[in-house]
Protein chains: 2
Amino acid sequence: MNFRQLELFIAITEKGSFSRGAEAVLLTQSTVSQHMAALENELGTELFDRLGRGVVLTAGGKKFLVHARRILAERDVLRQSMASFQGLENTLLKIGASNVPANYLIPPVLPALKQKHPGITLTMLTGDSREMIACLEKSEIELAVVGSYLSTKKIEFTPLVADSLTLIVGPNHRWAKRASLSLAELISEPCVVREEGSGSGQALRVALSHRGLNPEELTIGARLGSNEAVLQAVAEGFGCAFVSELSVNHNLGAGELCKVKVDGLTVDRQIWLANLKSRSQSPASKAFKEVLTKFYY
Amino acid sequence: MNFRQLELFIAITEKGSFSRGAEAVLLTQSTVSQHMAALENELGTELFDRLGRGVVLTAGGKKFLVHARRILAERDVLRQSMASFQGLENTLLKIGASNVPANYLIPPVLPALKQKHPGITLTMLTGDSREMIACLEKSEIELAVVGSYLSTKKIEFTPLVADSLTLIVGPNHRWAKRASLSLAELISEPCVVREEGSGSGQALRVALSHRGLNPEELTIGARLGSNEAVLQAVAEGFGCAFVSELSVNHNLGAGELCKVKVDGLTVDRQIWLANLKSRSQSPASKAFKEVLTKFYY
DNA sequence: TAAAAATACTCCATAGGTATTTTAT
DNA sequence: ATAAAATACCTATGGAGTATTTTTA
């Protein structure tokens with residue numbers, strides 16, 4: 001039994017004869033006869049009664065017909081589904097993003113994504129960069145947008161957009177009006193930082209090391225789980241913090257936060273797109289990547 | 001795309017490698033590679049990511065998998081259905097029977113049918129012989145059990161059981177105690193007969209003609225649509241009637257009907273099984289025929 | 001380096017065709 | 001007598017195999 005035979009069978013039942021069924025599927029009557037004989041032989045049942053002028057279904061043939069129709073319908077569904085998968089209609093895309101990208105980078109792009117590929121339904125996991133990379137390795141997500149480059153052979157990183165960390169303090173902080181301050185001053189002040197896996201923290205540690213400073217020397221005032229929490233704490237006057245430019249710009253307007261320059265310290269970092277090298281990217285993932293990179297060009 | 005490729009695809013996903021998938025379906029790795037390449041080419045989508053050690057489904061592959069499973073499941077259902085059709089499990093059989101057979105011949109056989117072929121569900125149409133033969137010609141039924149032989153080239157008749165018509169009168173009729181009566185007497189008495197298409201009427205007309213009598217000479221007292229109605233009318237004292245032995249035996253016990261012999265007149269007839277010559281008989285129909293003929297052997 | 005997939009090449013089964021015979025109306 | 005299906009026979013595509021190369025962890 002094969003798909004061709006099923007198509008053929010249905011064509012014959014619709015036309016009422018082998019010859020006309022053959023025409024319908026662009027075969028000769030001979031081939032059709034052979035196929036139907038093979039099918040009947042395989043099933044051990046006559047499917048047609050040969051009337052001399054055309055054929056008509058037997059009881060067994062009628063039974064066969066309903067199933068044959070179902071199978072071919074299912075095949076059409078499959079084809080449709082694969083086509084729409086490539087055409088990005090009605091497809092699911094599961095990505096992950098670390099805190100800063102998840103809050104400040106992805107949301108602005110969503111309207112553009114919806115507009116260009118209305119068929120893609122995005123699901124986004126959020127966590128710190130390390131967690132998202134772990135999800136990627138377990139293939140729980142197809143794509144990760146993270147704030148740090150975690151060197152792994154398995155994963156391919158491509159830069160999406162540059163970001164830098166700025167020191168911020170609350171409006172009533174004694175540094176609020178300062179144009180800049182020294183590294184030495186910085187170390188004495190309690191600093192609100194993010195959890196270990198955070199890309200921001202990672203970038204800060206690297207930058208401090210470059211300046212010959214042991215990151216451990218920073219006075220940790222609090223270790224908070226989200227960027228928003230850090231901003232909130234600083235706004236309330238709880239010490240200082242290094243936060244992503246991307247995030248602080250959203251909150252500067254309200255006048256609750258003040259940027260302060262630290263002499264000779266710049267903490268630049270990249271936001272990265274990450275994907276498993278060994279896995280091919282789905283059309284939806286490629287499309288999303290393209291929309292993202294165009295947006296942040 | 002063909003069934004083999006779908007099976008193969010599923011085997012691979014289950015085993016996690018082309019090589020082991022190939023073993024599972026008794027093919028070589030090379031053949032498997034070619035088939036999957038062909039499938040991917042046809043669909044225009046990668047189905048697997050080749051990892052060097054085995055393969056893993058892509059997003060497209062996962063989509064494909066659910067449909068592939070469905071198609072193969074549907075094929076299994078088809079096979080199961082065809083097998084049970086031949087094995088007489090869960091099959092419908094539509095037959096027709098004219099009045100006498102429908103009331104007195106078929107019902108006694110039903111327990112035996114159920115016992116031998118519990119999977120057959122019988123649907124029986126009832127009408128006069130002519131109607132049932134018409135249904136047969138329109139393929140509305142597969143088999144007819146009728147009381148008259150209607151010569152048609154299209155239909156094959158096989159005798160099932162012999163029947164004969166007897167003259168009956170009511171218990172208070174003046175002939176009730178008579179051992180026999182003459183043809184001349186018969187003609188004068190109002191006779192209750194069945195409708196035109198009835199097998200009983202047909203047999204009677206033939207028998208009278210054989211005796212050199214014009215059937216028109218019979219005095220028609222009433223023309224009723226069912227055998228039961230005829231019996232009822234006669235029991236009430238309304239003239240006489242020729243009815244099937246098969247039917248009258250059921251009602252003799254109550255003492256409401258009396259058989260009377262007519263000198264030199266015997267009205268024998270056959271009950272026939274009829275089927276379309278050009279149509280093959282379904283397993284269920286064959287099985288039913290066998291049960292019937294064994295019962296009335 | 002080793003396990004697995006891809007590829008080059010070969011073989012044969014079978015899908016498909018042509019021409020003819022058989023069948024049933 | 002004729003339309004349609006079966007059959008005999010032929011051809012070519014592609015399914016399947018062997019041997020080898022390429023790939024990747």
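Predicted model: local features only at pLDDT ≥ 70, side-chain atom pairs only at ≥ 80, totals over all residues.
1. Buried is used for 20 or more other C-beta atoms within 10 Å of the residue's own, exposed for 12 or fewer, and partly exposed for values in between, with C-beta atoms placed from the backbone. Residues are numbered from 1 along each chain as its sequence is written, and chains are lettered from A and ligands numbered from 1 in the order in which they are written. Local features need pLDDT of at least 70 and side-chain atom pairs count only at pLDDT 80 or more, while totals for chains, interfaces and linings use all residues.

2. Helix α4 of chain A covers residues 59–86; its 28 residues reach 42 Å from first to last C-alpha, close to the expected 40 Å (1.5 Å times one less than the number of residues). Helices (H or I, at least four residues) and strands (E, at least two) are DSSP runs numbered from the N terminus. L88(A), with a positive phi near 65°, follows the helix.

3. DNA strand C is surrounded by 25 residues, the closest being S30(A), G52(A), S17(B), S30(B) and S33(B) (near: C-beta atom, placed from the backbone, within 6 Å). α3(B) gives the most to this surface, 6 residues. By class there are 7 nonpolar, 13 polar and 5 charged residues; Ala, Val, Leu, Ile, Met, Phe, Trp, Tyr, Cys and Pro count as nonpolar, Asp, Glu, Lys and Arg as charged, and the others, Gly among them, as polar.

4. Around DNA strand D there are 24 residues, with S17(A), S30(A), S33(A), S30(B) and G52(B) the closest. Here α3(A) has the largest share, 6 residues. The classes are 7 nonpolar, 13 polar and 4 charged.

5. The largest nonpolar core has 36 residues, and F9(A), M36(A), F9(B) and M36(B) have the most contacts inside it. Such a core is a set of buried Ala, Val, Leu, Ile, Met, Phe, Trp, Tyr and Cys residues joined through C-beta atoms within 7 Å. A second, separate core of 27 residues includes I133(A), A144(A), V145(A) and F288(A).

6. G127(A) lies in strand β4 (residues 120–127) of chain A. G127(A) counts as partly exposed because it has 19 C-beta neighbours inside 10 Å. Its C-alpha is 9.4 Å from that of G225(A), 98 residues apart along the chain.
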